[in-house]
Amino acid sequence: MKILITGICGFAGSQIARRIKAIRDDVQLIGLDNFIRAGSELNRRAAEQLCETFLHADIRRDDDWDSVPDVDWVIDCAALPSVLAGTDGHGSPRQLIGHNLIGTLNLLEYCRRSDAGVILLSTSRVYSIRPLAALPLIESTDRYQLDASQTLPAGISPEGIAESFSTSPPVSLYGATKVASETLALEYGQSFGFPVRVNRCGVLAGAGQFGRADQGIFSFWIHSHRAKRPLRYIGCRGTGFQVRDCLHPIDVADLLLKQIDAGSDPNKPLINNVSGGLESSRSLCQLTHWCDRRFGERSVAGSDEVRPFDLPWIVLDSSLARSCWNWSPKRTTDMILEEIAEFASRSPDWLEISS
């Protein structure tokens, strides 16, 4: 079986590639990356060793697809993955749409021609901002908790945000490109008869993740804390009580292989939330306490700054993936945080290399 991984030298793509090759002898990997992300070049040698064919190519360019050999499946890990992408100071909307939507269109045309199945890595940020911003929350000692005694919107439970939650705008420009990509992929699969799966991932984290606050907050926070760089709690009145779930890409890879093996099984869901769930979730305040114990205490400043896409509580309910795919994450949040901390100790200049 041949699998193409786009964005193979990014954090998620590189980790997924390593995992697949580690546990499946029957898979030949084809890798593709355009190296526009700082730090991705460092993963090139490992990717070349893992891959039957490795291509320096850009999914936005039609002619770059001409050199991609036929495969059985595509795992799409190529994207601009920041909710701030396309806004002031974070690139242009045209760049964002080119990467995240036109790139997806070219990928789907490739799948149509080669009759390959496709798995899209999507995001929790496809869900509507306004109802998420208005969720009833309780302040505990160091985090927000969902107030389950109040009436919750459709698609929300104490376990988190389900796949049925609204994706109506606004979802951010980034979220809009991902919703559109999901819809395109599902329509292409229906029209041209190839299997499609969409995985809406929570916050991915682990060693070697590129260090930016808008794309990998767990990694960024640990590296910055250890390096004694300035840190600020932005939003939520500067408390650091905002909550996110946490998931390692290796656990994602295990689910992807299950989905590939299932092929076009109509009894399996097309769209899945993929996350560590409520048990994996941490607030920034809790993350700071963990770093204090690991590296020594330091103060974090609060900020009154308010940003339009900041949300106080995003936890995905992945019970559908757990029940339908017999899948669950094996790496706890503490394991992931310790992995990042050990990497930060070995790579003290990682923020400069990758941000």
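Sorting a lining by class needs a convention: Ala, Val, Leu, Ile, Met, Phe, Trp, Tyr, Cys and Pro count as nonpolar, Asp, Glu, Lys and Arg as charged, and the others, Gly among them, as polar. The model shown here is predicted.

Rolling a probe the size of a water molecule over the atoms shows where empty space is left. When the whole structure is searched, 2 cavities of 30 Å³ or more are found.

The largest cavity holds about 50 Å³ of space. Its lining consists of His-223, Arg-226, Ala-227, Arg-229, Ala-344, Ser-347, Pro-348, Leu-351 and Glu-352. At least two residues of this lining come from helix H6 (217–226), and at least two from helix H11 (350–354). Divided by class, the lining of the largest cavity has 4 nonpolar, 2 polar and 3 charged residues.

The second largest cavity has a volume of about 30 Å³. Around it are Ile-8, Ser-14, Ala-17, Arg-18, Asn-43, Ala-46, Ala-47 and Leu-50. Helix H1 (11–23) and helix H2 (44–50) each contribute at least two residues to this lining, which has 5 nonpolar, 2 polar and 1 charged residues.

Helix H5 (172–192) and strand E10 (196–201) each supply at least two lining residues, and H5 gives the most, with 3 residues. By class, the pocket lining divides into 6 nonpolar, 5 polar and 3 charged residues.

Technical notes
Residues numbered from 1 in each chain as written. Predicted model: local features only at pLDDT ≥ 70, side-chain atom pairs only at ≥ 80, totals over all residues. Heavy atoms only, no water. 1 Å grid on protein atoms, 1.4 Å probe; cavity = no way out; pocket = protein on both sides within 12 Å on 5 of 7 lines; lining within 4 Å. Points joined across faces, edges and corners; volume = space filled by probe spheres on them. Helix = DSSP H or I, 4+ residues; strand = E, 2+ residues; numbered from the N terminus.
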